[in-house]
Amino acid sequence: MKERNEIDPALFSTGAHILEKSNNGTKYQIECDTPNGTMQCIHLFPGIDLAYTSFQAFSCFSRNKAMPHILEIAYCSVGRYECEYKRDYFTYLGEGDIAISVLSPHREPPTFPTGLYDGVALIVDMSVTGSQFKDIVEGISIDLSELTSRFCTDRCCTVVKAPPELNHVFQEVCEEKNKKRLGYLRLKALEIFFLLSEILPQENLEVSVYYPGSTIRKIKELKQELMDSLDTRYSLAEWAVCYGLSLTTMKDCFKAIYGKPIYAFQKEYKIQMAAQLLLTTQLSISEIAGKIGYSNPNKFSSAFRSIIGMSPREYRNAKK
């Protein structure tokens, strides 16, 4: 096998540049809608990298090239990431989820619906490793082509909730981010491959639901309307009618995208806006409560405390 010293730049199209480079790894800045996207790649074996990814952004670069020889096994530790399953069908990688895919072109820039994503990924160049990854540890051989055919039917992305054993190993890898002990990470990568190869198709894996792009776009419009109209008091049933969705689909899809129910999202956003108003204006607490849709200041104070951990008055005084 030929040695690969760094990730193929085609993975990023033109969306990355090198920040740091060493014998064992490369740190990239990834082109996003903010400067806060990084990927730190550690070269574990020829053809296999471990990537620590961190984004404080809502979207990032688009890959314009199919790379069916690249297998990616991604794990989300914080935030959410939008995954395209096939043309105009999407699902979401959330905390504790694994996405297994071969790399295909992006039709639209990938998004992070909550503006945050941290995770790790094993990136396998099968043109280097071959279809069998073997002879690293005696008695262990990983059939990469079988993994690909099992989880990436028609070159699609499969998102599943990590079974407990796998979740535990991925969490250990995440906790190793600051130490980056090469030998330890190699062992953990082998453990991940082994556990994935042991998962049988008939096992009761929790596979994420895929939603059509038309539904996704309606939910994103709803989310924007919730943010723009803080004092609106529609019921969920009324919102569903407005957007031409069933109530169940609307609730399930919203939670899939943003990681929380509609009312919980709306409440948290309102309180964050109230916190900003407390610091940047001289409005009274009652006036701020009214601006974000609370007619009762006591209910507003209770909601504020449940999110921020202190009353509005305490918060304003503490930040002076």
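Student: How many bridges join S8 to S12, and which way do the two strands run?

Tutor: There are 4 bridges, and S8 and S12 run antiparallel. Keep in mind that this is a predicted model.

Student: Which residue in S12 is the bridge partner of Asp 97?

Tutor: Lys 161 is the partner of Asp 97 there.

Student: And what about S5 and S8, how many bridges join them?

Tutor: S5 and S8 are joined by 6 bridges, and they also run antiparallel. For a landmark, look at Glu 72, which stands opposite Ser 101 in S8.

Student: How many residues of S8 are buried?

Tutor: The strand is mostly covered, with 7 of its 7 residues buried.

Student: Which way do the residues of S8 point?

Tutor: Asp 97, Ala 99, Ser 101 and Leu 103 point one way. Ile 98, Ile 100 and Val 102 point the other way. Both sets are buried.

Student: Let's zoom out. What is the strand order in the sheet?

Tutor: The order is S1-S2-S3-S4-S9-S5-S8-S12. That makes an open sheet of 8 strands, with antiparallel pairing.

Student: Which strands stand at the edges?

Tutor: Strand S1 (16-21) and strand S12 (158-161) do. Each has a single partner strand, so one side of each has no neighbour in the sheet.

Student: What does the twist average from one strand to the next?

Tutor: The twist averages 20 degrees from strand to strand.

Student: What packs on the sheet?

Tutor: Helix H3, residues 164-175, packs on it. The helix touches strand S4 (48-55), strand S5 (67-79), strand S8 (97-103) and strand S9 (117-125). The direction of H3 makes about 85 degrees with that of S5.

Student: New topic. Where is Lys 180 found?

Tutor: Lys 180 is in the loop between H3 and helix H4 (182-198).

Student: What is phi of Lys 180?

Tutor: Phi is near 50 degrees, a positive value in a residue other than glycine. Most residues other than glycine have a negative phi.

Student: Now Leu 187: buried or exposed?

Tutor: Leu 187 is exposed, with a relative accessible area of 57%. You will find Leu 187 in helix H4.

Student: How far apart are Leu 187 and Leu 44 in sequence and in space?

Tutor: They are 143 residues apart in sequence. In space, Leu 187 and Leu 44 are 9.5 Å apart, C-alpha to C-alpha.

Student: What about the chain overall, how many helices and strands are there?

Tutor: The chain has 11 helices and 13 strands. The C-alpha trace spans about 70 × 45 × 35 Å along its principal axes. Of the 320 residues, 46% are buried.

Student: What share of the contacts with a separation of 6 or more comes from residues 24 or more positions apart?

Tutor: Such residues account for 68% of those contacts in the chain.

Student: Last one. How many positive and negative side chains are there?

Tutor: There are 37 positive and 38 negative side chains. The centres of the two sets lie 7 Å apart. As for the surface, the chain exposes about 16,200 Å², and carbon and sulfur atoms supply 49% of it.

Methods: Residues are numbered from 1 along each chain as its sequence is written. This is a predicted model: local features need pLDDT of at least 70, side-chain atom pairs count only at pLDDT 80 or more; totals for chains, interfaces and linings use all residues. Side-chain values use heavy atoms; hydrogens and water are left out. Two strands pair if DSSP finds at least two bridges between them. Axes are lines fitted to C-alpha atoms, for helices over the stretch in contact, and angles run from 0 to 180 degrees between N-to-C directions. Contact means heavy atoms within 4.5 Å. Buried means under 20% relative accessible area, exposed over 50%, partly exposed in between (1.4 Å probe, protein chains only). Accessible areas come from the Shrake-Rupley method with a 1.4 Å probe; for residues, only the protein chains shown count as cover. Lys and Arg count as positive and Asp and Glu as negative; His and the chain ends are not counted. The place of a charge is taken as NZ of Lys, CZ of Arg, CG of Asp or CD of Glu.
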